[in-house]
Amino acid sequence: MSGHKAIAAASERIRDQIIYGKFAAINLHAGERMQRTARSPLIALSRRLAAAILTPDVRLVHQIQYEVEHMYALRDSVRSALEFFAYDIAEGDVIITADSYGGGTRGQVLTMIMPLFVEGELALFPALRVQISDLGGEIPGGFNPLAYEQWQESMRLTPVKLYVGGKLQRDVHRFLLSNSRTAEWFGADLRALYACCQDMQRMLTELFDQYGTAAAAKAADAMIAHTEAEARRFLRQAVPAARGSGSSALPDSCGSGKIKVEASWSEDRLVLDFTGTDEQINGPYNSTAALTKSVAAAAALAGCLDELPVNEGLLSALAFKLPEGSLVSPQFPSATALSGHATAHAIAAAVTEALRAAGGTAEQFPAIHGGGPWVMLYEPVGSPQVIPQPMEPGYAEVPEGWGPAALFGSGRLLSAEELETGRGFRLEKRERQPDGSMEVELKILSGTWEYQAFPYGSGSLRIERKDAPSNTENERAGSFGGATVSAGHVFRLKYAGGLAAKEVSSRGD
Amino acid sequence: MATDAGNAILTQVVGGTLDAIAQEMSAVVTRTSRSPLFNEAHDFTTGIFDLPGSKSRLVAQAPGCTLHLYAVVSAVDRLIEAFRYDLHPGDVLLVNDPYHGGSHSLDWTIVMPVFHNRKPMLLPAVRSHMGDNGGPVAGGYNPRSRDIWQDGLRIPPIKLYERGEKRRDVFEMILGNNRLAHWLEGDLSAMIGACQLAAQRIEELLRTYGAEAVASAIEQRIQYTERRVRAEIREWPDGVYTAETYADHDFQGNRDIKVKATVTVRGDELNIDFTGSSPQAAGFVNSPLSNTASFAFVAISTCCDEDIPINEGFMNPVTITAPPGTVVNPLPPAPCGHATACVGAEIAEAVLLALSQCAPKRTGVNAHKLPLAYTHGKYADGRPWVNLNFFGYTGGAGAAYGTDGWGLYPPVMTGVILPSIEMTELQYPCRVLKHEYRPDYTGAGRWRGAPGLEVQIQHLDESSTSVMMAGVRNTIRGFCGAKDGPANRVIVDFGSERAMEVPETAFDVRMPPGGIIHFDRSGGGGWGDPLDRPVEEVLEDVRNEYVTVQGAFADYGVVIVADEESGVVRYRVDEAATERERSLRRNAAAKRK
């Protein structure tokens with residue numbers, strides 16, 4: 001290549017990097033802004049959200065995410081929604097969807113899409129995905145341990161336009177809020193989502209004005225290609241001859257269900273084949289295809305995720321075989337709400353085991369699984385106001401000792417101060433033990449609360465009852481409707497720590 | 001004079017046309033819908049409303065499920081209010097939310113405004129009981145419900161069509177929240193089609209007679225109805241009449257939910273005050289105000305001549321007081337899923353019991369108290385089915401002055417048709433093994449209730465059944481000295497070692513293939529003292545096997561002798577013994593007083 005051409009090419013690459021860096025900045029800014037403007041603690045504190053920019057043909061340009069589940073799910077949800085609207089998308093339209101069987105993961109996770117048009121053509125556009133605190137359903141918060149159908153978990157939001165040509169569809173808005181016990185939060189979070197998407201559009205428009213849509217698209221394509229190449233290179237180096245199998249089981253409290261996966265190379269792509277996994281079950285532990293792919297990819301690429309952006313290239317680095325009607329690709333209308341807390345860990349454990357069996361090292365494939373117990377508390381159903389309060393005050397530490405597993409997400413840990421001021425609870429203890437475990441005691445200070453207990457993972461959950469102080473039995477998941485605690489009750493949660501990877505792998509904990 | 005006669009004729013013609021339109025709507029829904037609830041059981045109502053100001057009025061109505069009747073008014077009002085700045089020709093509106101003019105969330109109302117001079121003038125509407133409403137329980141009745149979201153999907157006022165164009169995303173979203181989407185799509189289309197046909201007919205009517213003439217005729221008709229109803233009320237002695245009745249429980253362990261009705265008759269006006277009724281319940285028996293008004297309307301309309309046109313005129317002389325926060329006017333988020341059965345039955349019953357004190361001959365038994373058992377499962381292709389087991393709760397038709405109870409439903413459910421057993425067995429994997437009158441299983445009276453039923457329904461595939469009992473401890477009341485109906489009874493998995501009698505409620509009881517649900521369904525309450533029933537009518541009852549020989553004696557004091565000759569049993573009355581027995585009982589009753 002001549003000197004001029006080489007300089008031009010290098011200059012283009014630099015420009016591509018700059019543009020791509022701006023995409024990342026737009027997403028990061030959106031994520032930060034959502035945290036600051038949303039009302040629901042699930043978004044503001046726990047950071048159950050992702051922000052992304054996509055191409056007109058719905059390829060992922062860049063995504064920031066604070067939870068693994070969004071990796072494929074945001075793009076897949078957008079694809080499902082835009083496929084639904086096909087030739088009926090116009091400037092000013094805002095589309096929302098929260099459908100496990102429309103590219104989603106669980107019913108309570110909502111995607112907002114704001115198509116951006118430049119001179120009448122669809123250009124790169126933003127999307128946000130967040131968890132909503134309540135979308136109706138039988139159990140406040142949507143985590144119904146006895147559910148076997150979608151409708152028992154929450155309202156199902158198939159793709160619908162919240163805005164048409166810039167005009168709010170008030171009846172749709174009213175419908176959404178009517179089907180949430182936390183209508184005030186939900187309304188505020190929708191406004192926050194809308195504002196953030198608008199802001200992302202504004203910044204993208206400025207970027208287009210500065211560089212042009214063609215350059216922006218080219219930068220996206222370049223980075224996507226680079227990411228894919230890097231991801232495949234990582235995998236090829238880590239498991240060059242790859243063929244390895246892994247398996248894991250759902251926690252006992254979730255019923256029986258086995259995940260099987262085989263990792264192998266097909267041409268130049270690593271394939272994760274889940275053939276042999278058990279059939280879908282009559283419980284809320286079925287993992288949609290989007291969740292399965294997200295978790296499996298995160299487990300497979302854990303060793304390079306810090307260096308590579310989440311984009312179409314990363315998503316294309318792997319191929320999947322997911323048997324229809326199985327635990328990892330269930331058929332509608334099977335329940336899915338608790339798959340993120342239970343099945344996801346089993347999927348990740350199986351994939352990690354398979355890749356290590358194929359020759360990968362623990363450093364290349366660190367465990368990303370390792371759940372722990374949690375509790376959903378809410379005012380007694382039927383009270384004038386019922387606000388679900390998910391309590392996951394601790395975490396199981398990964399064997400490497402640097403903190404919670406990746407599947408825990410990047411949300412802030414429950415603040416002791418916030419719990420105590422105005423929420424009616426007190427963290428009486430949250431301590432790391434010599435064996436690496438974490439012990440937490442959460443005391444009820446006031447009020448009467450119903451609860452759902454989820455003693456997942458390699459830890460334990462006990463509830464000290466006034467009338468049975470010596471009760472040392474683990475609280476079993478699946479307690480339905482009406483189990484209450486009140487002032488003086490204490491939840492004792494223990495989170496495992498420092499377990500050997502093999503032990504973690506075999507138990508899927 | 002000629003002008004008055006002409007107006008009267010026009011009023012009749014327009015009124016009759018509107019009634020015919022409503023009936024044509026009903027036929028359209030029946031013939032084009034998919035759910036057996038529509039095309040077999042006819043559990044819907046069609047009507048036409050006008051909008052002279054900001055409040056809608058019922059103008060015409062086709063015979064349908066009566067309990068829907070007046071509840072539609074509130075739904076129409078809330079729909080118009082929601083879209084008052086955004087209403088156009090070709091719009092089709094939908095609502096089901098109990099807190100937006102609905103009754104319970106299974107009853108959906110579709111309205112399509114017909115415009116004249118750029119304003120909505122007449123509004124055809126269809127209100128139907130849907131087969132499912134998403135939510136936690138197939139079939140939409142969740143006995144564990146403690147808030148409105150546990151009842152099922154809430155649909156506040158929403159447009160399915162805007163300016164004649166289907167909002168596909170909204171339509172699909174509604175379908176997506178329903179287990180029976182394969183039926184629902186057709187059913188909604190049927191309801192919308194009925195409204196669209198009505199719109200065409202109304203436009204023809206307006207072209208033929210002119211809007212002003214039509215509006216005037218409607219006004220005349222409503223005033224006519226009002227005059228007739230006021231004339232009826234004027235016949236009733238002024239006074240304050242109180243009655244109370246009870247629903248067995250609220251499905252959350254609270255028993256004897258009280259409905260108290262104080263009816264004040266003053267001249268030609270009526271006030272129904274429900275003060276003193278229980279506070280709103282924890283369980284899903286709360287009746288939103290629109291539902292309460294509807295059951296009160298049903299009660300009053302059954303006290304009036306049947307030739308009076310059904311329209312807003314019925315309710316103009318009536319005011320209703322229902323304190324907020326009570327079981328007859330709950331505040332959100334109280335659950336209401338069962339309102340049209342329980343406490344709806346009690347509302348009608350309490351109002352009629354009060355009226356029976358001032359107008360006994362105009363009242364009759366009108367409470368359904370249904371023993372509901374809903375079964376669900378999956379067809380071989382994986383699609384869900386939900387069987388409401390209609391045959392199990394048909395019944396409860398009580399007596400009125402001058403007539404025994406007849407047919408299968410009391411007037412609150414008039415218009416609902418018993419599906420054919422053959423069609424039911426085709427549509428669901430089930431067999432109706434038994435559907436027979438059961439002797440001595442109704443309220444005895446001068447006029448008795450319709451006979452009770454013994455029913456057995458077998459499901460051929462694996463299934464799950466939820467049972468919601470009513471009328472077990474607080475049975476259908478008899479009027480004016482008659483006996484109450486007997487208790488309802490349901491046994492799940494009948495005949496097996498797992499057989500379980502359900503006194504209050506059972507949730508999602510699994511039955512293996514071949515599982516049987518057994519119902520003993522009460523007949524309705526009676527009217528008048530059973531000792532006043534003519535002996536030849538009791539004898540006829542015995543011959544028809546509605547009453548046994550023992551029952552004839554126990555309930556009616558009639559001594560019947562069975563003579564057998566050549567294998568043929570002939571019954572006859574022992575007149576003397578009967579006279580003696582009845583005399584003894586009347587004397588004993590007089591002494592007790």
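B:Glu24 is partly exposed, because its relative accessible area is 27%, and partly exposed lies between buried (under 20% relative accessible area) and exposed (over 50%), taken with a 1.4 Å probe on protein chains only. The model is predicted: local features need pLDDT of at least 70, side-chain atom pairs count only at pLDDT 80 or more, and totals for chains, interfaces and linings use all residues. Residues are numbered from 1 along each chain as its sequence is written, chains are lettered from A and ligands numbered from 1 in the order in which they are written, and side-chain values use heavy atoms, with hydrogens and water left out.

**Salt bridges**

The side chain of B:Glu24 meets that of B:Arg201 in a salt bridge, 2.7 Å from N to O. This pair links distant parts of the chain: B:Glu24 sits in helix H1 of chain B and B:Arg201 in helix H6 (residues 181–209) of chain B, 177 residues apart. B:Arg201 counts as partly exposed at 25% relative accessibility. A salt bridge here is a side-chain nitrogen of Lys or Arg within 4 Å of a carboxyl oxygen of Asp or Glu. Helices (H or I, at least four residues) and strands (E, at least two) are DSSP runs, numbered from the N terminus.

Over all chains, the whole structure holds 78 salt bridges.

| Pair | N to O distance |
|---|---|
| B:Glu24 and B:Arg201 | 2.7 Å |
| A:Asp76 and A:Arg75 | 3.0 Å |
| B:Arg543 and B:Glu540 | 3.9 Å |

A:Asp76 and A:Arg75 are both buried. B:Arg543 and B:Glu540 share helix H12 (residues 535–543) of chain B, three residues apart, about one turn of the helix. B:Arg543 is partly exposed at 45% relative accessibility. B:Glu540 is partly exposed too, at 38%. A network of salt bridges links B:Asp404, B:Arg446, B:Arg448, B:Arg533, B:Glu537 and B:Asp541.

**Strands**

In chain B, strand E17 (residues 463–468) is mostly covered, with six of its six residues buried. In a regular strand the side chains alternate between the two faces of the sheet. On one side of E17(B), B:Ser463, B:Thr465 and B:Val467 are buried; on the other, so are B:Ser464, B:Ser466 and B:Met468. E17(B) pairs antiparallel with strand E13 (residues 372–378) of chain B over five bridges. Pairing requires at least two DSSP bridges between two strands. Five bridges also join E17(B) to strand E20 (residues 505–511) of chain B, again antiparallel. B:Met468 stands opposite B:Leu372 and opposite B:Thr505 in E20(B).

Chain A has an open sheet of four strands, ordered E10-E11-E12-E13, with mixed pairing. Strands E10 (243–249) and E13 (318–321) stand at the edges with a single partner strand each, so one side of each lacks a neighbour in the sheet. Strand E12 (residues 269–273) of chain A and E13(A) run parallel over four bridges. There, A:Lys321 in E13(A) is the bridge partner of A:Asp273.

**Two sites in chain B**

B:Phe83 lies in the loop between helix H3 (71–82) and strand E3 (92–95) of chain B. At 4% relative accessibility, B:Phe83 is buried. Beyond its neighbours within four places in sequence, B:Phe83 contacts A:Asp171, A:Arg174, B:Leu93, B:Pro157, B:Ile158 and B:Lys159. Contact means heavy atoms within 4.5 Å.

B:Ile9 belongs to helix H1 (residues 2–32) of chain B. B:Ile9 is exposed, at 54% relative accessible area.
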